[in-house]
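Here is a short report on one protein model. Look over the sequence and the structure first, then read on.

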Amino acid sequence: MSRYASRTLFLALCVVGASVLAWVLYREDAEETAPLPAARELGDEAPRGGRTRETPPDIAPGPTPEPQVLSNDVVPRILPPDAAIEDIRDALAITAAERKEPLQLAFINAERLAGGTSRVASLLRRRVADLTDRRVRGVAIAASGIDRSEANTKRLRLLLRDGESNEVRMGALIALARPPSEWNEIPASAESSLLGGLRYTYAPLPDESRLLAVVGRVLDDVDGVAFRDALPIIMHSAKTRAVYATVLAADGKRACRWYRTLSKEDRDTLRTRILHHKSLLPEVRRVLNGR
């Protein structure tokens, strides 16, 4: 190749190289100075397959956090025992025709608390002890019969013996006569007019010497007309267990005050139910027969 041809080829390559370098530099400048695309509205559909700041990347969900559980030391702002007592109060405040269902529901809720943890049951007992409304207190005491502990049984015996009203005594009597959980028979049921028509179930009172002494003392102290609500439980207990028929005879010389002051119809019904006991002492039979 001649010297002139080589120079010509070299110049041509230099021109081509310069052109390529100029084109590259121009493209970079154009990209840096190009205007940014308009911001996408939140409601606009994201580009298919694209990811924006509003659409975070797909991440597998983590485990659901466990619900927070309050410790036993945390006391709610509204205590359940207070709410249960207010439910009883509200039910007793409405008319008798509309009271039945809400009163039974309030009674069941109070039973659940009385049979719950020792802390809740103890708190309920303290709240009930402070009540001044006799009917509300009587219903709440009746609900505590679900607690069969010796401590609660002793408390109920004292309430039956020393209760400041017939409503309180009736609540304690209902609680003491509550059928135990292992009771296999269909329990009897009755309504207490003293406690606003409360419907309750009952079994014979236990044949226990301390309770017998308390029942005897109460029946020798109360008026049969004012405390007629006790008739279903006393009748059922005396019919089932002769010792309660004996309690009615007081000292064996005359019947207890409660029996004497019942209506003639109630006395006749009660006597018919209990004189079938062959083990009754002659003096008890004589007293109950009014001789």
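Predicted model: local features only at pLDDT ≥ 70, side-chain atom pairs only at ≥ 80, totals over all residues.

The side chains of Glu191 and Arg199 meet in a salt bridge, at 3.6 Å from N to O. A salt bridge here is a side-chain nitrogen of Lys or Arg within 4 Å of a carboxyl oxygen of Asp or Glu. Glu191 is partly exposed, with a relative accessible area of 40%. Arg199 also counts as partly exposed, at 33%.

Residues are numbered from 1 along each chain as its sequence is written, and side-chain values use heavy atoms, with hydrogens and water left out.

## The whole protein

The protein has 13 helices and 2 strands. Helices (H or I, at least four residues) and strands (E, at least two) are DSSP runs, numbered from the N terminus. Of the 291 residues, 35% count as buried.

Now take the contacts, meaning heavy atoms within 4.5 Å. Among contacts with a separation of 6 or more, residues 24 or more positions apart account for 67%.

## A network of charges

How many salt bridges does the structure hold? The count is 15. Four residues, Glu150, Arg157, Glu208 and Arg210, are linked in a network of salt bridges.

Start with Arg210 and Glu150. Their closest N and O atoms are 3.7 Å apart in a salt bridge. Arg210 lies in helix H8 (residues 209–219) and Glu150 in helix H6 (residues 150–162), so the pair ties together parts that are 60 residues apart in sequence. Arg210 is partly exposed, with a relative accessible area of 45%. Glu150 is partly exposed too, at 45% relative accessibility.

Next come Glu208 and Arg157. They form a salt bridge with the closest N and O atoms 4.0 Å apart. This pair links distant parts of the chain, 51 residues apart: Glu208 sits in the loop between strand E2 (198–202) and H8, and Arg157 in helix H6. Is Arg157 buried or exposed? Arg157 counts as buried, at 8% relative accessibility. Glu208 is partly exposed, with a relative accessible area of 22%.

## Helix H2 and its partners

Helix H2 (residues 80–93) packs with helix H4 (residues 118–129) at an angle of about 50 degrees, and their axes are 9 Å apart. That makes H2 oblique to H4. Axes are lines fitted to C-alpha atoms, for helices over the stretch in contact, and angles run from 0 to 180 degrees between N-to-C directions. Angles under 35 degrees count as roughly parallel, over 145 as roughly antiparallel, 65 to 115 as roughly perpendicular, and the rest as oblique. From H2, Pro81, Asp82 and Ile85 meet Val120, Leu123, Leu124, Arg127 and Val128 in H4. By class, the residues of this contact are 6 nonpolar, no polar and 2 charged. Ala, Val, Leu, Ile, Met, Phe, Trp, Tyr, Cys and Pro count as nonpolar, Asp, Glu, Lys and Arg as charged, and the others, Gly among them, as polar.

H2 also packs with H5, at an angle of about 125 degrees and with the axes 10 Å apart. That makes H2 oblique to H5. Here Ile85, Ile88, Arg89 and Leu92 in H2 meet Arg135, Val136, Val139 and Ala140 in H5. This contact has 6 nonpolar, no polar and 2 charged residues.

## A covered helix

Helix H7 (residues 166–176) is mostly covered, with 10 of its 11 residues buried. Among them are Glu167, Arg169, Met170 and Leu173. What do the buried residues of H7 pack against? They pack against H5, H6, strand E1 (188–192), E2, H8 and helix H9 (231–240).

## A loop residue, Arg148

Arg148 is found in the loop between helix H5 (134–143) and H6. At 42% relative accessibility, Arg148 counts as partly exposed. The C-alpha atoms of Arg148 and Leu176 are separated by 8.8 Å, and these residues are 28 apart along the chain. Leaving aside neighbours within four places in sequence, Arg148 is in contact with Thr153, Ala175, Arg178, Pro179 and Pro180.

Methods. Buried < 20%, exposed > 50% of the residue type's maximum accessible area, 1.4 Å probe, protein only.
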